[in-house]
Amino acid sequence: MKNEKNNIRDFLYDEPGPKAKRRIIFWTIVSLVPIAFLLYRMTVRFQENGQLAPQYWSFFLKYTTWRFIGQGLLGTLEAALTAGAIAFVIGFLLMRGRISRSGILRKISAALIEFTRGVPTLLFIYFFFLVVPQTGLKLPSLLRIALPVAISAVGVVAEVFRSGVNAVPKGQTEAALSLGMRNRHVFYKVIFPQAFRYVIPSLISEIVIVVKDTTFAYVINFPDLMQNAKVLISNYDAMLPVYLIVSVIYILINFLINQLARAVR
Amino acid sequence: MNSEHKSGAETPVIELRTVNKYFGTHHVLKDVSLSVRQGEVVVIIGPSGSGKSTLCRTINRLETISSGEILIEGQPMPAEGKELAQVRSRIGMVFQSFNLFLHRTILDNVTMAPMDVLHIKRKDAEEEALKLLRQVGIEDQARKVPAQLSGGQQQRAAIARALAMHPKAILFDEPTSALDPEMIQEVLDVMTSLAKSGMTMVIVTHEMNFARNVADRIIFMNDGAILEEGAPDEFFAHPKTERAREFLASFRNEQKESEL
Ligand SMILES: Nc1ncnc2c1ncn2[C@@H]1O[C@H](COP(=O)(O)OP(=O)(O)OP(=O)(O)O)[C@@H](O)[C@H]1O
Ligand SMILES: [Mg+2]
């Protein structure tokens, strides 16, 4: 087990010797000291201005609070999954355009990729919230959050896919062509499946960004976790506890996404 | 006599007519003409950079040519599309770096093209694939992925993959150059028995003993042109050109050194 090199650290460093081990312990302690100090100071401060008083926490004992948080969580997942699915499909199409044999298609795709990567998510949100309705187009609130979040991700998704395709050795294409396979089949049966495997880690990072971007849902009153958190805060006047709990939930979501990705591979 | 006359009139499987190829301004194939008969084993040798790989790759249009003509079974090589794919499917190719599909099992590697191109049912394709894998001696590796095989096993799998399309000819571009010495022979053995079975083969190699044993004809390339060609015994014993003599001498020295 010990000899198996399957962690990036195993490639970066030697097996630590006795001296290195002592140094690792030393720096671990040194880095823990300020963290412990900060936590201590925070607790003291909260104690002083009463943030830790039971009234700010007791509503977490109520079933309705958690049901409300749960509904928000579902909203977040719904928005993130929809946005993620849209981003993957459009990102894939943009990548196909970006590597197409038609020069015009390549240029258009490249421009769209640059545009969606460069514009902040919030501007797309405002666009779908303020501009689109004026055209008379009435989108369901799920799409009003999922579309802008997806659009701000498609450029990155397209480039991630493309980097994966470029990473597949040229010999794979040549072998498939020499067997008489058509270009399209070579791409879907040989190139893309390999490219996809290469880019799973980057795609995961992008999904995490999509999840975090859905927090903009509060702008349009879509009931996601963040929006519901805001409601709880104004109902109970308990900012710190709610944000604390909600942060933990977001961290858990992203942790689960990462675990899932690891399981898939 | 009669049969010889008949085979002489047969259309060659592969025919190149004054083929020229440029990479930019670099002239890498110079008026190359070559014709390979059904069942013939042609071995191409020559110094590095002389255009052996390029020649090999033009035959199934992995490399386009600048001028000249390439005929496969008497038909001009199509430029693109379905027709090109169809011709390619009849000419197998084995690469120096194996180029097995890394994400699929060995069995899938062998069945993929027959299923995709020839629309053979999975069950039949797998049956055939296992037969071919047995033929090259790696039937027990069928369910593994390429990375789990030794280089010699991977190259034999690649040969099985080419055979699965029932090609009219197979091109080999330095099939043993990426292999450790102890694996070279197992691949050469498979190729030798293929040659004996009557397969039409074009082989680029630096394995001179193998070349002498299996070749019906040796082609010596230098600087993009075919400098000399002939029966192996004749070529190795009495090379006509100075350049070929030098080339062969460098190999003998190498061999002597490795024997020391
Ligand atoms: N894709 C390419 N673009 C530009 N030049 C190329 C390309 N491929 C090959 N060449 C050049 O063409 C010439 C012939 O190359 P080729 O690979 O056919 O030689 P070779 O005889 O196979 O050599 P080796 O024994 O090293 O494999 C070389 O000078 C090489 O640098
Ligand atoms: Mg070569």
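**Entry 1: the largest pocket.** I looked up which element contributes most to the lining of the largest pocket, and I found α8(A), which gives 5 residues. I note that the model is a predicted one. I recorded a volume of about 1,000 Å³ for the largest pocket. Of the 29 residues lining this pocket, I listed the closest to its centre as R101(A), T173(A), L177(A), N183(A) and R184(A). I then checked which elements give two or more residues to the lining: in chain A these are α3 (63-98), α6 (141-167), α7 (170-178) and α8 (183-213), and in chain B α3 (81-90).

**Entry 2: domains of chain A.** I looked up the division of chain A and noted domain 1 (9-48) and domain 2 (62-264).

**Entry 3: the interface of chains A and B.** I looked up the contacts and found 24 residues of chain B touching 17 residues of chain A. I recorded a buried area of about 1,800 Å² between the two chains, with 60% of it from carbon and sulfur atoms. On the chain B side, I noted that F101(B), H103(B) and D116(B) supply 32% of the area that chain B buries against chain A, more than any other three residues.

**Entry 4: salt bridges.** I looked for salt bridges across the interface of chain B and chain A and recorded 2. I also noted a salt bridge between the side chains of D116(B) and K189(A), with an N to O distance of 2.5 Å. D116(B) is also one of the three residues I listed for the buried area of chain B.

Definitions and conventions: Residues are numbered from 1 along each chain as its sequence is written. Chains are lettered from A and ligands numbered from 1 in the order in which they are written. This is a predicted model: local features need pLDDT of at least 70, side-chain atom pairs count only at pLDDT 80 or more; totals for chains, interfaces and linings use all residues. Side-chain values use heavy atoms; hydrogens and water are left out. On a 1 Å grid over the protein atoms alone, a cavity is a set of points where a 1.4 Å probe fits but cannot get out, and a pocket is an open set with protein on both sides within 12 Å along at least five of seven lines; lining residues have an atom within 4 Å of a point. Grid points are joined across faces, edges and corners, and a volume is the space filled by probe spheres set on the points. Helices (H or I, at least four residues) and strands (E, at least two) are DSSP runs, numbered from the N terminus. Domain bounds come from an automatic or database domain assignment. Contact means heavy atoms within 4.5 Å. Buried area is the accessible area (1.4 Å probe) that two parts lose on being put together, summed over both. A salt bridge is a side-chain nitrogen of Lys or Arg within 4 Å of a carboxyl oxygen of Asp or Glu.
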